[in-house]
Amino acid sequence: MKGVVFNLLESFILERFGAEALEHVLDQCTFTTTEPFVGPGTYPDTDLLQFASKAASHTGVVLDDAVREFGRYCFPRLLSMLGAPGRYSDSRSLLRELDSVVHVEVRKLLRGARTPQFTTRDTGPQTLTLEYRSSRKMCAFLEGLLAGMAEHFHEQLTLRHEHCQLRGDKACVLHLEYAVSSTRAA
Amino acid sequence: MDVTARRLARAEARVRILEKLVEDKTRELYQSNETLSGTIADLRSLLDAIPGALLIVEPDGALRSANGPALELLGLADTDVGHTNMQSIVDSFEPFARVLEAPPGAVVRTESTWTTQKHGALPVLVSFARLGVQASIVCVAVDLRERKQLEVELRHAQKLESIGQLASGIAHEINTPMQFIGDNLAFLQTTVTDLLRLIDVYEARCCAGTVDSAPIEALKDELDFDYLRSRAPKAAARALEGVQRVASLVSAMKAFSHPSKERAPADLNACLRTTLTVARNEYKYLADVELELGELPHVVCSASDLNQVFLNLIVNAAHAIEPKTRDSGERGKIHIRSKLEGTQAVISVQDSGCGIPEEIRHRIFDPFFTTKEVGKGTGQGLAISRSVVDAHGGSMSFESTVGVGTTFFVRIPLSAEALRRAA
């Protein structure tokens, strides 16, 4: 996993739970590296999992919920990092270009980044089916990112996670339904 | 260590790591740039080395890039590239438009005529393809001037070959009546001699007074008998000589145009004599020929090919003499020699012509190089001659003095081994 995600997790813990909590969580972890994480670096996925687990345990939050919240936190920051905050006007237009444009840009910026595979299928004017394949099986993080994305575009998202890799399916299949958020409508 | 100090230490460590990463990336970038520059230079050399003009043209015809041969072909300098539009050069812009509508990867090929200030109208074979996402057009053009000239020469050579084949047949057809004309002339020559002997007997009888000679004398006067008596045998002899000359010319033509390319032992002196007979019309009004043929063993060769070499040299000698004869009115001289020199037969053809200027001597064996006027020479004679001699394992050389004349030397090895190596 690229160091940028570790750095975002550090920021997330720092912002939500304070500097002491972060130091405590870091002290609890036994990472493969003794150096601090840097954005362009690449670190074992197990280190991220350990980091997230220790953070959830320290704050008393269920791990999946913590990861979802972390995904929601990450979305606007990752979008900003890619330099494309104004490029997309809604979640569906972004999701349709996730593999062909967004992840291409990610691989350009972060050498060695292993991006997951996404395919989308429009199922109605406001609905979309998203298929996610990744050896990391970080579908909770994906759900958080989708929630962050909907917030960013002032949409109300209803998400149904039908098939899941963690349950032995070949891919996670998520049915997404969007409605214009009341904040935007106002 | 308190929290702030730990965070500060981590931030400082991050800066160090990132600085190192930046250094590594800068080094990588420098090396990539070096590799890229080398690759670009290699590509440029490669593009300049290909024997074709390579151009990149914008959809509106603006010339964006051109390799060295393209600049040479279009007569442009490097600085003209951004300011030239191909629409002012090509005879039709239609293929450019067609390739833009073609699917990616499709190649459009067409023959076209480009007009340039340097070369005028140029026939070219052009391949067009669309360049990726930039919607530019890449053109590879090949200059067809040489090919077009070769096609003309080939057609001419094919015509000459047909005439040569016909000549062999015609020679055979001429030979048959010539044989009976010659036989009959020989008969008439004998008959005239016999009749004159008979007349002599009659005259003796007339002088003896045994017959009335008056009407005979009257008829002799009327027929100018003395003149007939002196001229008739000579006329028969000259007619017979003429027929023999025609027969020998026909025989030489048959020998010269013998189509066999197979190598066989041949008498090079006989080849020279045959060729001189065939070429007589080229030199008879311009020069006297002196033959100095030494003893030569038979040489394994393609006699018809060597005949062609000797013919080229004799015709060239006559053409070299022509301007001098025209100016001075004096007949020139062609001196043909053959001799054995070590393991080689050496044939030389020397003329008293105008000589070869120093500045063109290195080009005279080049294909299509000629100084002769249009229609008189194709510029292939010496090039073909040298290739024939080379194929026999021999060599060709020349010595020339401007205003004095030129001597061409043909050296053919006698050994079968040398010939085998050359073959």
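Q: In what order do the five strands of the open sheet with mixed pairing stand in chain B?
A: Strands of a sheet are paired through backbone hydrogen bonds, in either a parallel or an antiparallel sense. In this predicted model, the order is β7-β9-β10-β12-β11 of chain B, and the sheet is open.

Q: Why is one side of β7 and of β11 of chain B left without a neighbour in the sheet?
A: Strands β7 (287-293) and β11 (395-401) of chain B are at the edges and have a single partner strand each, so one side of each remains without a neighbour in the sheet. From one strand to the next, the twist averages 15°.

Q: How many bridges join β10 to β12 of chain B?
A: Eight bridges link β10 (residues 344-351) with β12 (residues 405-413) of chain B, and the two strands run antiparallel. As one example of a pair, Gln350(B) has Thr407(B) in β12(B) as its bridge partner.

Q: Which strands of chain B does helix α10 touch?
A: Helix α10 (residues 381-391) of chain B packs on the sheet and touches β11 and β12 of chain B, its direction making about 135° with that of β11(B). Helix α7 (residues 268-278) of chain B lies across β7, β9 (332-341) and β10 of chain B, and it runs at about 170° to β7(B).

Q: What is the strand order of the open sheet with antiparallel pairing in chain B?
A: Its five strands follow the order β2-β1-β5-β4-β3 of chain B. At its edges are β2 (63-66) and β3 (107-116) of chain B, each pairing on one side only. Neighbouring strands are turned by 30° against each other on average, direction ignored. Within this sheet, β1 (residues 53-57) and β5 (residues 136-143) of chain B pair antiparallel over five bridges, and Val57(B) stands opposite Ile137(B) in β5(B).

Q: Which strands does helix α3 of chain B lie across?
A: Helix α3 (residues 94-101) of chain B lies across β1, β3, β4 (120-131) and β5 of chain B, at about 10° to β4(B).

Q: How many residues of chain B are in contact with chain A?
A: In chain B, 11 residues are in contact with 15 residues of chain A. The area buried between the two chains is about 1100 Å², and carbon and sulfur atoms give 58% of it. On the side of chain B, Arg6(B), Arg10(B) and Arg14(B) lose the most area to chain A, together 42% of what that side buries.

Q: How many salt bridges are found across the interface of chain B and chain A?
A: There are five salt bridges across this interface. One salt bridge is that of Glu10(A) with Arg14(B), whose closest N and O atoms are 2.3 Å apart. By class, the side of chain B that touches chain A has five nonpolar, no polar and six charged residues.

Key:
Residues are numbered from 1 along each chain as its sequence is written. Chains are lettered from A and ligands numbered from 1 in the order in which they are written. This is a predicted model: local features need pLDDT of at least 70, side-chain atom pairs count only at pLDDT 80 or more; totals for chains, interfaces and linings use all residues. Side-chain values use heavy atoms; hydrogens and water are left out. Two strands pair if DSSP finds at least two bridges between them. Helices (H or I, at least four residues) and strands (E, at least two) are DSSP runs, numbered from the N terminus. Axes are lines fitted to C-alpha atoms, for helices over the stretch in contact, and angles run from 0 to 180 degrees between N-to-C directions. Contact means heavy atoms within 4.5 Å. Buried area is the accessible area (1.4 Å probe) that two parts lose on being put together, summed over both. A salt bridge is a side-chain nitrogen of Lys or Arg within 4 Å of a carboxyl oxygen of Asp or Glu. Ala, Val, Leu, Ile, Met, Phe, Trp, Tyr, Cys and Pro count as nonpolar, Asp, Glu, Lys and Arg as charged, and the others, Gly among them, as polar.
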